[in-house]
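Please read the report below alongside the sequence and the 3D view.

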Amino acid sequence: MSRIISTETLMQENPKMSDEIIHGLLRRSETMNIIAPPKSALSLTTNLAIRASLGMDFLGFKTRQSEILVIDNDT
């Protein structure tokens, strides 16, 4: 059964946050959606995936070298 807990309790029970992949934007195990008209975001997404997999800065954001999964639902 679900229970309602306060933010303070949640923070006390989970003191460590996941590692940041894109500093200030995305942490390990989180999902990032890039939504744009068909085909227009493909190069941006590819560039982000390559840079994050190598640990290179992306649009001024530091990244942590990580394994990246890109799922393209563009049909």
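R27 counts as partly exposed at 21% relative accessibility, where buried means under 20% relative accessible area, exposed over 50%, and partly exposed in between (1.4 Å probe, protein chains only). The side chain of R27 meets that of E20 in a salt bridge at 3.9 Å, N to O, a term that stands for a side-chain nitrogen of Lys or Arg within 4 Å of a carboxyl oxygen of Asp or Glu. E20 is itself partly exposed, with a relative accessible area of 25%.

This is a predicted model, in which local features need pLDDT of at least 70 and side-chain atom pairs count only at pLDDT 80 or more, while totals for chains, interfaces and linings use all residues. Residues are numbered from 1 along each chain as its sequence is written, and side-chain values use heavy atoms, with hydrogens and water left out.

How many salt bridges does a search of the whole structure find? The search finds five, among them the following pairs.

| Salt bridge | Distance, N to O |
|---|---|
| R3 and E13 | 3.5 Å |
| K62 and D57 | 3.7 Å |

R3 lies in the segment before helix 1 (7-13) and E13 in helix 1, so their pair ties together parts that are ten residues apart in sequence; helices (H or I, at least four residues) are DSSP runs, numbered from the N terminus. R3 counts as exposed at 60% relative accessibility, whereas E13 is partly exposed at 45%.

In the other tabulated pair, K62 and D57, K62 counts as exposed at 53% relative accessibility, and D57 is partly exposed with a relative accessible area of 38%. Salt bridges that share partners also join K16, D19 and R64 into one network.

How values were computed
Helices (H or I, at least four residues) and strands (E, at least two) are DSSP runs, numbered from the N terminus.
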